[in-house]
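Here are some notes for a colleague who is opening this entry for the first time. Please keep the sequence and the model side by side while reading.

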Amino acid sequence: MSTSEQPERIDHQRNRVTVVGLGYLGATHAICMAKLGHRVIGVDVDADKVAALQDGALPFHEPGLQEELSGALATHRLSFTTDFDRAVEHGDTLFVCVGTPQKEGTDAADLTFVDAAFDALAARLTRRALIVGKSTVPVGTAQRLARRVAAASPAGDDVEVAWNPEFLREGFAVEDTLHPDRLVFGVASDWALRRLTQVLGPVLSTGVPAIVCDLPTAELVKVAANAFLATKISFINAMAEICEAAGADVGLLAQALGHDSRIGSRFLKPGLGFGGGCLPKDIRAFAHRAEELGVGGTLTFLREVDQVNLRRRARMVDLIRELADGDLRGKRIAALGASFKPDSDDVRDAPALEVARMLAMEGAHVRVYDPAAAANAHRIYPDLDYAASLAAAVDDADVVALLTEWQEFIDADPESMGRHVRHRRVADGRRVLDAARYRLAGWDYRALGGPERIVSVPEENRTGEFPATALR
Ligand code: UGA
């Protein structure tokens, strides 16, 4: 025992951190807190997940995080457990990172896991401690939980609740945790603020701005940010619908809008729209919460944001059907991508997988290929055919459909891919393929959201003054 206790004594200045919930958010947070020098225990009810993490095996795909996990475990500052008694005994600052999925049969967020986590901590805390919520919750949840914890905990008011929402994106989880655009500290006391500032001091010291606010404002910042991002994506996809009807090119439209620095080009990429475990359920829960608060009319536009987003999937199926001579029955479709975005194996509410399913429902023979998400996709839709490689997916295909913009698909050579397919016909759902190259290789290239027009400037007259994209 003495050898394992020694580092604790040496590190006594460091903070003792507990992280509850070891999904994307929690596992990343635990690993990054250890990297910052804190002694961290991550706890979860899922024994398989805990065992994998303790063995140094990241149970999901996230670039760079595997290396960080191995590095943090090697410092002996990080461990994982299913033992809540041990985890609560350890931490003075306890982060709650459990999921808040959409509740079955309604748009509301399901707070079962959050409530259970706070209850589990409250019941065990017998000393002064700070519970910090990081999960995305409906506004008002933190104050409710603060009252509940004070009533249930043997330590009573000595257990405080703060809210420190997380803005990390899958695919950039480490970068977003250690170098976020901002930190938001929702606190009810100076003590809570000091504690949070101490734990996140190494991040703050890099010059990251911190917004200190009350609990409801902190909760709202998170949902408002996701609502804004979703709205921006659906705005450009609504423009895509207009472009399709008018014969215009939404790619060029987005490019031109993005040059206006007041608008900006980020999150203005038209295509198959947003999915994942956050944006879709967050805008629904936000609109639902507004209704509960008696201001439902304020956020009805988020319902439309949702509808625009879902319509993209149906429009993609239309486009593929058009390429397949108007009838999908018996057609072989290569579905490139299943995850909700590249560099992720997450298939929650994934537009790509939904399109694959809709194609199959219409009688197409769909063969899905995804570099990382096939196993997760197979769990949800075992009836789809999954290929082990891009070449296998496109083999003998009537139509190739690009659904998630993995780099592997962008880099694929249209000429060599063309040798595998039955017909050189491609539907680009993310507008990332080089239309000119595909057309040159004899493909019938169609993009979601308008023509990807070949501007009628003859090749020999192109001076190079224009960016290539303007000349597609
Ligand atoms: C999102 C937010 O970006 C994070 O800030 C937030 O912390 C996270 O949700 C969360 O609430 O936990 P994430 O779901 O990882 O992060 O993915 P994003 O990078 O936001 O992409 C969301 C979806 O929008 C993807 O399906 C992506 O393909 C799509 N998208 C994104 C577009 O269709 N167009 C764009 O221009 C940008």
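In which loop is Asp-325 found? Point 5 comes back to this.

1. This is a predicted model, in which local features need pLDDT of at least 70 and side-chain atom pairs count only at pLDDT 80 or more, while totals for chains, interfaces and linings use all residues. Residues are numbered from 1 along each chain as its sequence is written, and side-chain values use heavy atoms, with hydrogens and water left out.

2. The protein chain contains 20 helices and 14 strands, where helices (H or I, at least four residues) and strands (E, at least two) are DSSP runs numbered from the N terminus. Its radius of gyration, taken over C-alpha atoms, is 25 Å, which agrees with the value near 23 Å that a compact globule of 472 residues would have; the globule rule is 2.2 Å times the number of residues to the power 0.38. Along the principal axes, the C-alpha trace spans about 75 × 50 × 45 Å.

3. Of the 472 residues, 52% count as buried, that is, under 20% relative accessible area, with exposed meaning over 50% and partly exposed in between (1.4 Å probe, protein chains only).

4. Helix H15 (residues 351-361) has buried residues at Pro-351, Ala-352, Leu-353, Val-355, Ala-356 and Leu-359. The elements that cover them, through contacts (heavy atoms within 4.5 Å), include helix H14 (300-323), strand E9 (332-336) and strand E10 (365-369). Just after H15, Gly-363 takes a positive phi of about 95°.

5. Most residues other than glycine have a negative phi, and two residues deserve a look for that reason. Asp-325 is found in the loop between H14 and E9, has a positive phi near 60°, and is exposed, with a relative accessible area of 59%. Phe-267, in the loop between helix H12 (250-258) and helix H13 (279-292), also has a positive phi, of about 60°, but counts as partly exposed at 33% relative accessibility.
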